[in-house]
Amino acid sequence: MKRLLTRGWTACCAVLFVILVFLDRISKQWAAESLMDGPLVLIDGVLEFRYLENTGAAWGTMQGMQWLFYILTVVFLVLVVLEISRLRKDQKYLPLIYTLTVMCSGAAGNFIDRLTMKYVIDFIYIRLIDFPIFNLADCYITVSVAILVILILFRYDGTDLDYIIPGQKEEKKTDQ
């Protein structure tokens, strides 16, 4: 029964991952095809879609350092997938598993852009606060990080963190 549950959760995570990456790819494709001639104003003075090719990281920092983004993204994805596979597949850790899956979807979406075009397509602009232009994958990452912080602060206690963070439990045993 446990093996069946593990397969079911793995399949759900895989489907969620594929759907989210697909939505990110479709939204960026739409932006590339529709916004080249100028922005699309959704709410005047508040929200626009405008096309931007970002060769850097968040807020345009670290422009042109693609090799670093390749390395960091691959390391991040490998570590998170290993952590997801290591976690117990029960109800208690389901929110954490799905949150990490959403985070991986965002990282993978931007990674695909970097690999195929050498830049990331950004298109969502909040004019009201002059926030840097971002994309759907960025939303996945930001929201999942916020949820991860909330989960760690309010859902999981110290014993859960011993289990979630590898090496914590072993260190405590040797200290006693």
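**View 1. Salt bridges in the predicted model.** Six salt bridges are present in the structure, which is a predicted model. Four residues, Asp24, Arg25, Lys28 and Asp113, are joined in a network of such bridges. The next views show individual pairs, including one between glutamate 83 and arginine 86.

**View 2. Lysine 28 and aspartate 24 within helix H1.** These two residues form a salt bridge in which the closest N and O atoms are 2.9 Å apart. Both belong to helix H1, where four residues, about one turn of the helix, separate them. Lysine 28 is buried, and aspartate 24 is buried too.

**View 3. Arginine 25 and aspartate 113 between two helices.** A salt bridge joins arginine 25 to aspartate 113, with 2.2 Å between the closest N and O atoms. Arginine 25 sits in helix H1 and aspartate 113 in helix H3, so this pair ties together parts that are 88 residues apart in sequence. Are the two partners buried or partly exposed? Arginine 25 counts as partly exposed because its relative accessibility is 25%. Aspartate 113, at 0% relative accessibility, counts as buried.

**View 4. Glutamate 83 and arginine 86 within helix H2.** The side chains of glutamate 83 and arginine 86 meet in a salt bridge of 3.0 Å, N to O. Helix H2 holds both residues, three residues apart, about one turn of the helix. Glutamate 83 has a relative accessibility of 14% and therefore counts as buried. Arginine 86 has 34% and counts as partly exposed.

**View 5. The second largest pocket.** This pocket contains about 290 Å³ of space. Its lining is made of 15 residues, and Cys13, Ala14, Val81, Ile84 and Thr101 lie nearest the centre. Which helices each supply at least two residues of the lining? They are helix H1 (2-34), helix H2 (66-86) and helix H3 (94-117). H1 gives the largest share, six residues. By type, the lining divides into ten nonpolar residues, four polar and one charged.

View 6. Isoleucine 71 counts as partly exposed because its relative accessibility is 47%.

**View 7. Leucine 23 and glycine 109.** Leucine 23 is part of helix H1. Along the chain, leucine 23 and glycine 109 are 86 residues apart, while their C-alpha atoms are separated by 9.2 Å. With a relative accessibility of 41%, leucine 23 counts as partly exposed.

View 8. Glutamate 48 lies in strand E2, which covers residues 47-54. Is this glutamate buried or exposed? Glutamate 48 is buried, because its relative accessible area is 4% and the cut-off for buried is under 20%. Glutamate 48 and isoleucine 124 are 76 residues apart in sequence, and the distance between their C-alpha atoms is 6.3 Å.

Notes: Residues are numbered from 1 along each chain as its sequence is written. This is a predicted model: local features need pLDDT of at least 70, side-chain atom pairs count only at pLDDT 80 or more; totals for chains, interfaces and linings use all residues. Side-chain values use heavy atoms; hydrogens and water are left out. On a 1 Å grid over the protein atoms alone, a cavity is a set of points where a 1.4 Å probe fits but cannot get out, and a pocket is an open set with protein on both sides within 12 Å along at least five of seven lines; lining residues have an atom within 4 Å of a point. Grid points are joined across faces, edges and corners, and a volume is the space filled by probe spheres set on the points. Ala, Val, Leu, Ile, Met, Phe, Trp, Tyr, Cys and Pro count as nonpolar, Asp, Glu, Lys and Arg as charged, and the others, Gly among them, as polar. Buried means under 20% relative accessible area, exposed over 50%, partly exposed in between (1.4 Å probe, protein chains only).
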